[in-house]
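Here is a briefing for a first look at a structure. Keep the sequence and the 3D view open while reading.

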Amino acid sequence: MPFARTPDEVKLYYEVHGQGERVLVLLAGQANNHHWWDTARPDFDPFFRTVTYDHRGVGRSDKPDDDSYSTRGFAEDVVAILDDLGVERADVYGTSMGGRAAQWLAAEHGDRVGRLVLGCTSPGLPHGLERDREVKRSLGQRDAAAARRALLELMYTPGWIATHPGPYHTLGDPDMPPHARRAHLLASAKHDSWDALPRITAPTLVVHGSEDVFNPTANAPLLADRIPGARLHLIPGARHAYFDEFRDVAGPLVLDFLLDG
């Protein structure tokens, strides 16, 4: 099993699939492991060597109980994986918290990023739009089953849930220790890339579901306007897990962008 080692001696588990000459790194959302991409990844495997991995704190990666968790730090973790693979430059597709990390990766390591896709993500506060109080209350219920159901309904439309009983790979790593779960939450909450976004030089596509209230859709144009030359595409009717439920739309859309040049 391949592991990369970071400068602070954290081991990161990653997997490589696909058969293309170019490398595509796929960054998962907060508190999720590499299985986040199990549904969408096969769309890219015929064209890229795809790299999925477990963030520090989840899956098979180390789970340090310290203050090393931040979206900026997660970007440095990706650099460690690229170094372990001997890859100088890769395309990058980050969603949700993974999209936050991808922003830092492209802004601070532009020479390592070819084309960039930012999905269902945000520039962070104070410039981004935060989810409303009702959404926060639904996720903070003491009843774990009710909170999980609330998260499921933020990810997918009712019609999809009714016809797709799971398993779902976007609802968090069930084996994640509490300290790491809190650290991921805090890392996302502290994210603020606003001043760094204009430094991104990679061709960028911003994708978002039009009905996303988990990470409000209004964050997408904020990112697209802030990143030089970025394109914006909203997927009608989609919620947070657009890449999963609306795979037939999102997959070709992102693939066309990545292969355009």
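The model is predicted. Its largest nonpolar core has 46 residues. A second, separate core has 36 residues.

**Nonpolar cores**

- Four residues touch the most other members of the largest nonpolar core: Val25, Leu27, Leu116 and Ile200.
- Helix H2, residues 97-108, gives this core its largest share, 7 residues.
- The second core is separate and includes Leu24, Val117, Ala250 and Leu258.
- Leucine 116 touches a set of residues beyond four places away in sequence, among them Val92, Ala102, Ala106 and Ile200.
- Other residues touched by leucine 116 include Ala202, Pro203, Thr204, Leu205 and Phe257.

**Histidine 34**

- Histidine 34 sits in the loop that links strand S3 (22-27) and strand S4 (48-53).
- Is histidine 34 buried or exposed? Its relative accessible area is 6%, so histidine 34 is buried.
- The side chain of histidine 34 makes a polar contact, at 3.3 Å, with the side chain of glutamate 15.
- Setting aside neighbours within four places in sequence, histidine 34 is in contact with Tyr13, Glu15, Thr52, Tyr53 and Asp54.

**Tyrosine 53**

- Tyrosine 53 belongs to strand S4.
- With a relative accessible area of 3%, tyrosine 53 is buried.
- Tyrosine 53 and glutamate 15 are 38 residues apart in sequence. In space, their C-alpha atoms are 6.1 Å apart.
- Which residues does tyrosine 53 contact, leaving aside its neighbours within four places in sequence? Among them are Tyr13, Tyr14, Asn33 and His34.
- Val25, Leu26 and Leu27 are also in contact with tyrosine 53, as are Phe74, Val78 and Ile81.
- Two of these contacts, Val25 and Leu27, are among the residues that touch the most other members of the largest core.

**Helix H7**

- Helix H7 covers residues 219-226, and its buried residues are Asn219, Ala220, Leu223 and Ala224.
- These four residues cover an arc of only 135° around the axis, so they lie on the same side of H7.
- What do the buried residues of H7 pack against? They pack against H2, strand S7 (204-209) and strand S8 (231-235).

**Cis peptide bonds**

- The peptide bond from leucine 125 to proline 126 is cis, and its omega is near 10°.
- Proline 126 lies in the loop between strand S6 (113-119) and helix H3 (133-139).
- The bond from glycine 166 to proline 167 is also cis, with omega near 10°.
- Proline 167 lies in the loop between helix H5 (158-163) and helix H6 (178-189).

**Positive phi**

- Glutamate 9 is not a glycine, yet its phi is positive, about 65°.
- Its place is in the loop between strand S1 (3-5) and strand S2 (11-18).
- Serine 96, another residue other than glycine, has a positive phi near 55°.
- Serine 96 lies in the loop between strand S5 (90-95) and H2.
- Is serine 96 buried or exposed? Serine 96 counts as buried because its relative accessibility is 7%, and the cut-off for buried is under 20%.

Conventions. Residues numbered from 1 in each chain as written. Predicted model: local features only at pLDDT ≥ 70, side-chain atom pairs only at ≥ 80, totals over all residues. Heavy atoms only, no water. Core = buried A, V, L, I, M, F, W, Y, C linked by side-chain atoms within 4.5 Å. Buried < 20%, exposed > 50% of the residue type's maximum accessible area, 1.4 Å probe, protein only. Helix = DSSP H or I, 4+ residues; strand = E, 2+ residues; numbered from the N terminus. Contact = heavy atoms within 4.5 Å. Polar contact = N/O pair within 3.5 Å; in protein donor to acceptor, adjacent residues only side chain to side chain. Arc of directions from axis to C-beta.
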